Number of protein chains: 4
Amino acid sequence: MWLELSSELVFDIATPTPFTLMLRPRSGELQTVVREEYRLTPNVPMTEFTDGYGNLCQRLVAIPGKFIVATSATVMAADDLDQTPGAPFIEVAKLPDALLSYLLPSRYCESDRFGQMAVEITGGEVPGYDQVGAILAWLQANIRYVPGCSEAPTSAIEVNQNQFGVCRDLAHLGIALCRSICIPARFVAGYLYRLEPMELHAWFEAYVGGRWFTFDATQTELRGGYVAIGYGRDAADVAIYNQFGPAVFPLKQETRVRLIDGMPE
Amino acid sequence: MWLELSSELVFDIATPTPFTLMLRPRSGELQTVVREEYRLTPNVPMTEFTDGYGNLCQRLVAIPGKFIVATSATVMAADDLDQTPGAPFIEVAKLPDALLSYLLPSRYCESDRFGQMAVEITGGEVPGYDQVGAILAWLQANIRYVPGCSEAPTSAIEVNQNQFGVCRDLAHLGIALCRSICIPARFVAGYLYRLEPMELHAWFEAYVGGRWFTFDATQTELRGGYVAIGYGRDAADVAIYNQFGPAVFPLKQETRVRLIDGMPE
Amino acid sequence: MWLELSSELVFDIATPTPFTLMLRPRSGELQTVVREEYRLTPNVPMTEFTDGYGNLCQRLVAIPGKFIVATSATVMAADDLDQTPGAPFIEVAKLPDALLSYLLPSRYCESDRFGQMAVEITGGEVPGYDQVGAILAWLQANIRYVPGCSEAPTSAIEVNQNQFGVCRDLAHLGIALCRSICIPARFVAGYLYRLEPMELHAWFEAYVGGRWFTFDATQTELRGGYVAIGYGRDAADVAIYNQFGPAVFPLKQETRVRLIDGMPE
Amino acid sequence: MWLELSSELVFDIATPTPFTLMLRPRSGELQTVVREEYRLTPNVPMTEFTDGYGNLCQRLVAIPGKFIVATSATVMAADDLDQTPGAPFIEVAKLPDALLSYLLPSRYCESDRFGQMAVEITGGEVPGYDQVGAILAWLQANIRYVPGCSEAPTSAIEVNQNQFGVCRDLAHLGIALCRSICIPARFVAGYLYRLEPMELHAWFEAYVGGRWFTFDATQTELRGGYVAIGYGRDAADVAIYNQFGPAVFPLKQETRVRLIDGMPE
């Protein structure tokens with residue numbers, strides 16, 4: 001399906017503030033980006049770099065006053081995402097070197113503390129995709145999805161105590177549970193068509209059967225329309241924006257995803 | 001200055017042909033990209049990856065028939081480029097690890113064969129920027145710039161024998177001469193405003209005084225309006241397109257660079 | 001000074017267990033490795049890879065029974081480590097891209113929760129080295145160093161609550177405090193000559209004045225004799241060993257550091 | 001088999017000379033390194049870094065006078081190397097991103113000039129392993145292996161003209177031929193047990209059937225006893241030593257490989 005995406009962040013800046021941003025989708029297996037805009041108002045100098053996860057990141061110093069980051073893109077997104085119950089667990093010894101870091105605990109996914117719980121949740125499942133399926137079902141049954149309820153990210157331990165969370169929080173707990181049974185899992189931030197309410201979204205991927213699969217505990221069924229803008233171990237690695245210095249929250253954050261008829265002229 | 005850039009490549013494909021492409025400018029010290037389009041006709045699946053030089057590359061398999069790659073971008077380019085006669089040579093022992101590969105010979109820059117010649121050309125200059133300046137002056141005096149004269153890249157040795165070449169060829173010889181006196185040098189492909197005749201361009205950068213400086217032997221004076229789309233050791237690393245299998249040459253290759261009034265609405 | 005280092009880990013393995021290990025010191029600014037041994041008993045196949053932090057890591061699958069990893073090395077270590085009170089804070093906008101990840105929160109260094117506390121501890125100090133110095137003094141005054149008191153790593157938040165910890169724990173809290181005031185900080189695991197009691201050690205480095213400096217809250221004064229074996233964001237990245245599957249604790253872990261007369265014959 | 005390897009390079013240095021070295025074998029699929037020594041006389045400061053190919057490299061500045069680099073290692077090397085006639089060609093579209101650079105021409109492997117010749121040599125073979133086998137047979141029949149005949153590396157074009165070469169030269173031509181028919185190929189430097197005359201050796205690997213296979217045109221049959229110390233696109237990337245400034249040739253270069261009874265005590 002063809003989607004028009006846009007995101008607008010409006011900040012009120014008090015003192016010159018360094019930012020890193022991650023707002024540019026790239027083409028990949030599941031999405032092709034044909035148009036993209038990236039506007040800063042006022043237009044301050046910006047440099048780009050690729051981080052250790054392959055994300056395209058921007059650096060700039062916002063100057064005092066109102067600061068707007070407005071991006072948009074036209075993307076062909078997958079209509080359907082693969083689901084492969086039965087896809088087997090890949091033994092740790094057979095994982096590519098580059099995936100090992102997705103087995104380790106990270107800031108918001110304290111997988112070193114969830115071993116027992118993950119074993120209980122996935123008990124009796126065929127190792128691999130079905131274990132992740134059991135984790136997903138458990139999240140949907142036990143952690144209430146409450147969009148917009150948190151400002152700062154909360155970690156898997158906190159989410160498990162709270163028993164509710166935003167999309168990001170559910171992803172964190174899902175990832176921690178996967179890793180604790182030796183399934184590589186990573187965090188994805190991006191857009192989802194027809195998300196209600198519309199906002200930037202987060203979900204997770206798990207590596208089973210020799211590839212990454214998409215899982216989203218906030219949705220009752222997995223449908224198409226996902227557009228990724230960043231990958232990482234958790235939300236600490238994949239921040240739509242990171243500002244350094246006194247905390248700056250956006251005055252406004254507006255996200256739109258619109259279905260279009262086909263590749264635009 | 002604000003520039004509108006576009007590039008169109010038209011191929012006639014006989015059998016399914018894998019391509020890698022490098023046609024997306026990124027924001028950096030010298031340029032800010034605010035809009036970008038990337039269209040394939042027909043629209044085949046495409047994935048992106050970042051290569052070892054930080055370039056954003058695309059992979060696809062073109063299917064038989066006419067195949068068009070059309071890209072465009074709106075970029076704020078630097079009005080002027082720094083020139084710093086006297087900027088000192090950086091001793092090899094003090095270079096960052098990541099720059100050492102820019103001292104080695106590469107496919108089209110056989111720096112291992114130019115030691116004597118580079119010493120003669122740069123004799124008497126203060127080590128550093130002024131040596132590169134002498135190399136540039138020597139290229140302008142001795143190698144005739146003939147746009148459009150070659151299909152396949154030629155190497156520094158060949159260019160030196162031919163005594164003429166396209167932009168790419170002059171860059172290759174400049175790079176080989178710099179490296180042979182231990183100055184890191186790299187190849188850049190991109191756009192140049194008001195290039196005559198207009199086509200995709202190539203130039204080189206040399207690392208002196210602790211940073212990269214731009215050098216272009218095809219121009220009598222260094223002016224603004226450069227937009228880089230790829231960096232590497234030479235044209236083998238920085239190919240606007242690489243196709244694998246029987247050689248496919250574009251039926252048409254059209255490049256445009258237009259000055260605009262300011263950031264578009 | 002010339003040091004002979006050795007480390008022996010003895011495990012009792014119940015089922016085939018994948019391990020990653022990080023036990024090979026490399027030569028660097030502060031140390032030159034002239035001899036090294038690495039023995040596994042029984043001798044199972046092992047591969048090596050370099051992780052995202054530049055550490056040399058080993059992968060293997062330990063088979064049931066007693067499993068011994070014995071390493072030793074002869075290293076010339078720095079006699080003294082630089083201390084530069086007054087070395088200035090580097091503005092975030094001026095940090096190299098590759099250092100930005102050392103400003104982010106990580107598994108055991110939840111720097112996103114320490115902003116207020118770090119400001120209080122470092123209040124009045126010249127930004128940079130002296131702030132880190134104040135953090136170090138605060139750690140020494142407030143967190144009791146108790147070698148051998150923990151099995152699993154504890155995080156900065158936990159250490160701050162406990163008010164005591166092993167070397168690793170003090171490093172975690174020091175790092176979290178540095179990052180929360182925008183000073184890049186990283187975790188180091190390795191050896192320290194004359195550490196009492198002798199065991200594998202951990203400390204941290206902070207980036208001020210354009211380079212990394214060593215800080216160790218477990219020692220009353222900074223002396224020479226450090227040999228690093230791994231760097232990372234915290235102990236999750238720098239694990240001497242990581243085993244996957246049911247937890248396996250070493251039956252025995254023995255570490256030795258011996259001063260020798262000079263480069264051995 | 002267990003091997004004791006040693007290499008000694010003796011230089012006579014006239015002025016302070018920066019070197020990069022690549023002399024440390026690492027453990028991998030085909031070899032396990034259990035002991036290693038690395039001595040410089042005189043003992044100048046040395047740092048290490050991992051290059052873009054994963055090789056462990058050393059940097060130092062040699063001071064005037066006699067300079068000796070002596071390394072040794074104890075390694076378990078594979079007794080036999082896999083040969084798999086019939087292993088299929090992997091379509092370019094299916095190659096991992098990281099392998100694409102092994103399809104490009106490089107300094108000493110001008111694969112862009114060998115398309116026609118490679119097609120002739122491999123005509124009629126099943127695409128994949130058997131094509132590389134035909135290239136190997138062609139090299140053995142047409143390029144005379146003359147150990148010790150060259151000082152500086154020669155490129156595939158030059159080797160093809162000369163019709164003779166050292167191990168490095170044969171590898172260069174083999175690699176250029178493979179790449180020109182879209183088979184990824186890389187250069188390997190290292191040791192070979194029972195090589196006659198004994199010296200540091202070079203061979204190549206080709207990627208077919210989903211993995212790298214070893215090929216060595218200097219040997220009539222492929223046997224075990226190979227120990228790799230560096231990988232890259234060609235000898236420009238994999239230099240046992242690179243010195244910067246006036247050329248310095250070793251006064252003496254001595255290599256030894258000795259079979260031992262088993263893992264030493």
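A salt bridge is taken here as a side-chain nitrogen of Lys or Arg within 4 Å of a carboxyl oxygen of Asp or Glu. In this predicted model, local features need pLDDT of at least 70 and side-chain atom pairs count only at pLDDT 80 or more, while totals for chains, interfaces and linings use all residues. Residues are numbered from 1 along each chain as its sequence is written, chains are lettered from A in the order in which they are written, and side-chain values use heavy atoms, with hydrogens and water left out.

By the salt-bridge rule, 8 salt bridges are counted between chain C and chain A. In one of them Arg59(A) pairs with Asp97(C), with the closest N and O atoms 2.8 Å apart. The side of chain C that touches chain A divides into 17 nonpolar, 5 polar and 10 charged residues (Ala, Val, Leu, Ile, Met, Phe, Trp, Tyr, Cys and Pro count as nonpolar, Asp, Glu, Lys and Arg as charged, and the others, Gly among them, as polar).

Chain C and chain A each give 32 residues to the contact, defined by heavy atoms within 4.5 Å. About 2,400 Å² is buried between the two chains, 53% of it on carbon and sulfur atoms; buried area is the accessible area (1.4 Å probe) that two parts lose on being put together, summed over both. In chain C, the residues that lose the most area to chain A are Arg59(C), Arg107(C) and Phe244(C), together 27% of what that side buries.

Because 100% of the interface residues of chain C are also interface residues in chain A, the copies meet through the same surface.
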